[in-house]
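Student: Could you take me on a close look at the aromatic rings in this protein? I would like to see how they connect the parts around them.

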Amino acid sequence: MDAQVMFKADADLNFKLAAQAYMNYLNTVVWPIERELGESSSDEYDDFHRAWFEDRDLEGYSEWEQENRRWNLMFSRYREKGNEAVDIEELDAKTPNEWMLHPFPLWKEEGTRNYKTTGEWRREEYSSKYNYDRIPFEIDEEPDLYDPRYFDKMRVAHRAARLYFHQPSKKIKLGRVLGYGNWIMDIRMYFLGPRSGFQTKDYVLRWGWRKVADPRIRQEQRILRQLRGSYHSRQSVDPLRLGLGEQRPFAKGHPVWEGLDEYDSDFPPEDSSGEEGPPDTPPPVIKTRKELMESLPLLFKGKIEMHLERLRDRLDWLQMRDDVIKHGPHDPADPYDWKHMDYILFEHANHGSLAGLIERLIQQNETVPNRVLWCFWHCLVKAIIGMEYPTRKFHPWRRNETNLGTGLSEEIPASDNLRKRGKRLVHMNIQPAHIFIDDLSYFSGTREHAMVPGLRIGDHTRTKQVKANKSNLYYTNLRTEGTYGFYAPEQFGVEWDHIATLDPNGWEVSESQNAGSFGPWTNIWGIAITMWTLITKMLPPVPPQRSTDPNEPVHYCALLLDDPKYAYIDPLFREILMRCMRHDYWERPTLEQLQISVNQGLPRMYEGETDAFITGWVKRMVCGSAEAPYPNSQTCTS
């Protein structure tokens, strides 16, 4: 019998036993601890969120202007004072009335140079507290008096995951926590194989640490399905390959359908599981939101009312589900039942992330060779091309299942009509800790990654398929996504202060030229600021350092151009980064222009950067970091 079939045959029995033990663990350990901490088991939609939706009528929205003032003040401090600024929570706690005094909107002439930077950029070496190369051992240790309060909940979630995935046959073992964020934790998983002597495989389990079932993970699964087959995007692993239970998606219209966006009153198109591509015809011309609101006001009001009703239905359903989890009865046919917890599996990145590489560069006082920079840049450009034109929809070889399984190198469609039908997937949080280093390989029969490992963009917890002509609320929510220091000008720009967004369902942001204009150019900013960080080994400048030449478009890459310390970097490469870090998105290169520049840079040779030198550098700085807990774990080879 095939090993995978043999292993799958006992999966239901294993899960039945594991689920019984897991439910007992929830009732005796998890719920009592959470009650002691004074927190609910499901904080996805707490009382505040329910009140937020129920207390608003379609005419008033009295809190909306206050919300805008808070965010405008925070980003004003970000671009003007930098590290002296405080985040939104501190702003509410320490200065509850200060944001009401922040001018909104500004009526003076709009311009990226029309504000003064008063804060000083304090240059700091790069460090990432929660990346795969600086493992938070404290979560696995015994509680300490000085531990943050949320560590208790994370320890509970970690133990719950170990219990849930425990198999009597000992084929799966969970290791330590590799990293964690606001909502999720990543845990090392070892798959020991269905029979003795079977090769061990390492995986990463993404698990919601605030709850046992997480709609955010469902949303990331949706994005990963769209990116299936894109070689330079981190791919998920089908749980059925390990004999784990099937994760069934919700049907369209279900109260917790993962396609329901609380900030978008329109249902998105249903995500097809096939590989059919878009038609090679010009996309339809769509009226702007302003035109539709002025011509069909009653239609918009009805859509908003219907959307709020769907959100209330979801709140009620989640509350009902919490009661079922705690008290039963359980329905095995329910895809959201206790047997089908939300999680994602990834193959383990043996060589960590760019964040870990930067820290090793600092420790060993090393720099990145030009040839390696071009190879890394090539991977990142390919990754964001795949986010605009996913291979499973646009690649000419996509219908071959083998090709999708092994990964296809992302390509820009040749047809102008197809290029206009890009999916506009925006990561919203590209940074070194979310870019993983692959093994050396002869990808697709070429030597593309034979000397320098490839990179894969991961962590799509914040990735959105951004739409045009949406509400002020929709774009303001996207404005707040990301990591401090890596925000794009579309988020922190002064243009936001000039928009009179007095209605959350209004059209003003959708008509703005730069504020809230998220698209593939936002991903271009993200990979450029990441490469800036890799080269300088510093955290991004806060406040952002604007260029001063009034005859050139404003950009934020002056350090690489002016500091003699970086003169060893290819001038063409520095110029490309400068163009990618321009303030106005229309001044940045297009994906087509980036692909051309990559093709120009890859063949370049530099003094002292021989094949032997590059191979030695990669082995010393990249492959030397590989964790190899088992003899057969993959490592870099030349």
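**Aromatic rings and their surroundings**

Tutor: Let's start with a charge and a ring: Arg 456 sits over the face of Tyr 231, 4.4 Å from the ring centre. Lys 303 does likewise with Phe 300, at 5.1 Å from the centre of that ring. Please keep in mind that this is a predicted model.

The protein holds 14 aromatic pairs. One of them is formed by Tyr 78 and Tyr 484, an edge-to-face pair with 5.1 Å from centre to centre and 90° between the planes. Tyr 78 belongs to helix H4 (residues 64-80), while Tyr 484 is in the loop between helix H15 (472-479) and helix H16 (489-492), so this pair ties together parts that lie 406 residues apart in sequence. Are the two partners buried or exposed? Tyr 78 has 1% relative accessibility and counts as buried, whereas Tyr 484 is partly exposed, with a relative accessible area of 36%.

A second pair to look at is Trp 121 with Trp 532. The ring centres are 6.3 Å apart and the planes stand at 45°; because the angle falls between the cut-offs of 30 and 60 degrees, the pair counts as tilted. This pair, too, links distant parts of the chain: Trp 121 is in the loop between helix H5 (88-94) and helix H6 (150-164), and Trp 532 is in helix H17 (residues 520-536), 411 residues away. Both Trp 121 and Trp 532 are buried.

Ring pairs join Tyr 78 and Tyr 484 with Trp 71, Phe 75, Tyr 487, Phe 492, Trp 525 and Tyr 556 in a cluster. Two members of that cluster, Trp 71 and Phe 75, also turn up where helices H4 and H15 touch. On the H4 side, the contacts involve Trp 64, Asn 68, Trp 71, Asn 72 and Phe 75; on the H15 side, they involve Asn 472, Leu 473, Thr 476 and Arg 479.

How do these two helices pack? Two packed helices are described by the angle between their axes and the distance between the axes. For H4 and H15, the angle is about 30° and the axes are 12 Å apart. Angles under 35 degrees count as roughly parallel, so H4 is roughly parallel to H15. The crossing of H4 past H15 is left-handed.

Of the contacts between residues at least 6 apart in sequence, 77% join residues at least 24 apart.

How values were computed:
Residues numbered from 1 in each chain as written. Predicted model: local features only at pLDDT ≥ 70, side-chain atom pairs only at ≥ 80, totals over all residues. Heavy atoms only, no water. Phe/Tyr/Trp six-rings, centres within 6.5 Å; stacked < 30°, edge-to-face > 60°. Helix = DSSP H or I, 4+ residues; strand = E, 2+ residues; numbered from the N terminus. Buried < 20%, exposed > 50% of the residue type's maximum accessible area, 1.4 Å probe, protein only. Lys NZ or Arg CZ within 6 Å of the ring centre and 35° of its normal. Axes fitted to C-alpha atoms, helices over the stretch in contact; angles between N-to-C directions. Parallel < 35°, antiparallel > 145°, perpendicular 65-115°, else oblique. Left-handed = near helix turned anticlockwise from the far one by under 90°. Contact = heavy atoms within 4.5 Å.
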